[in-house]
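Hi there,

Here is the structure I promised to pass on to you.

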There are 2 protein chains.
Amino acid sequence: MARVVVDVMPKPEILDPQGQAVAKALPRLGFQGVTEVRQGKRFELEVDDSVDDETLTKIAADLLANTVIEDFTVRRIDA
Amino acid sequence: MARVVVDVMPKPEILDPQGQAVAKALPRLGFQGVTEVRQGKRFELEVDDSVDDETLTKIAADLLANTVIEDFTVRRIDA
């Protein structure tokens, strides 16, 4: 078994209304000095050792991310 | 300026319907060997160097995570 993390973030050129809402709320709540917030998704998968990196990339691209508007990274965090 | 990543995941004892939906969809789509999926959130913040770790933890706990049902981690990825 391996644990795999897939991070999915909006592409830099895509507006991110959720992140902007957080960024605007922070000064109102007394937190200064945060200049940008981007919000994305994090998936943690438990996979059999039979699942190779190519399959993981396909799962991320087909099912976890919308590659038109999102970038993703796949990494194993233990074997 | 520093870049900070806050990962927010549902606590282990909390049901995660989004993750379960992904886990159930995978075999239907021809992907075998993924035994569990948990879905959470990833925030990327740009912060001034004046923002200390205590403040970042407070931002994460108060605004980014719902600590009743979610755990979070805060880490700086460059200085």
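This is a predicted model: local features need pLDDT of at least 70, side-chain atom pairs count only at pLDDT 80 or more; totals for chains, interfaces and linings use all residues.

Residues are numbered from 1 along each chain as its sequence is written, chains are lettered from A and ligands numbered from 1 in the order in which they are written, and side-chain values use heavy atoms, leaving out hydrogens and water.

Let's start with the sheet. Strands of a sheet pair through backbone hydrogen bonds, either parallel or antiparallel. Here, an open sheet of 6 strands runs in the order E3(A)-E1(A)-E2(A)-E2(B)-E1(B)-E3(B), with antiparallel pairing. (Helices, H or I of at least four residues, and strands, E of at least two, are DSSP runs numbered from the N terminus; two strands pair if DSSP finds at least two bridges between them.) Strand E3 (70-78) of chain A and strand E3 (70-78) of chain B stand at the edges with a single partner strand each, so one side of each has no neighbour in the sheet.

Where do the two chains join in this sheet? Strand E2 (residues 34-47) of chain A and strand E2 (residues 34-47) of chain B run antiparallel and are joined by 13 bridges. Within E2(B), B:Arg38 stands opposite A:Glu44.

Next, the symmetry. Chain A is superposed on chain B by a rotation of 180° with 0.0 Å of shift along its axis (RMSD 0.0 Å), using least squares on the C-alpha atoms of residues with pLDDT of at least 70 in both. The two copies are thus related as by a two-fold rotation axis. In chain A, the C-alpha nearest the axis belongs to A:Lys41, 2.1 Å from it.

Finally, the helices. H2(A) and H1(B) pack at an angle of about 115°, their axes 12 Å apart. (Axes are lines fitted to C-alpha atoms, for helices over the stretch in contact, and angles run from 0 to 180 degrees between N-to-C directions.) That makes H2(A) roughly perpendicular to H1(B), a term covering 65 to 115 degrees. The contact (heavy atoms within 4.5 Å) is made by A:Ile59, A:Leu63 and A:Leu64 of H2(A) with B:Val22, B:Ala25 and B:Leu26 of H1(B).

Happy exploring!

Technical notes: Angles under 35 degrees count as roughly parallel, over 145 as roughly antiparallel, 65 to 115 as roughly perpendicular and the rest as oblique.
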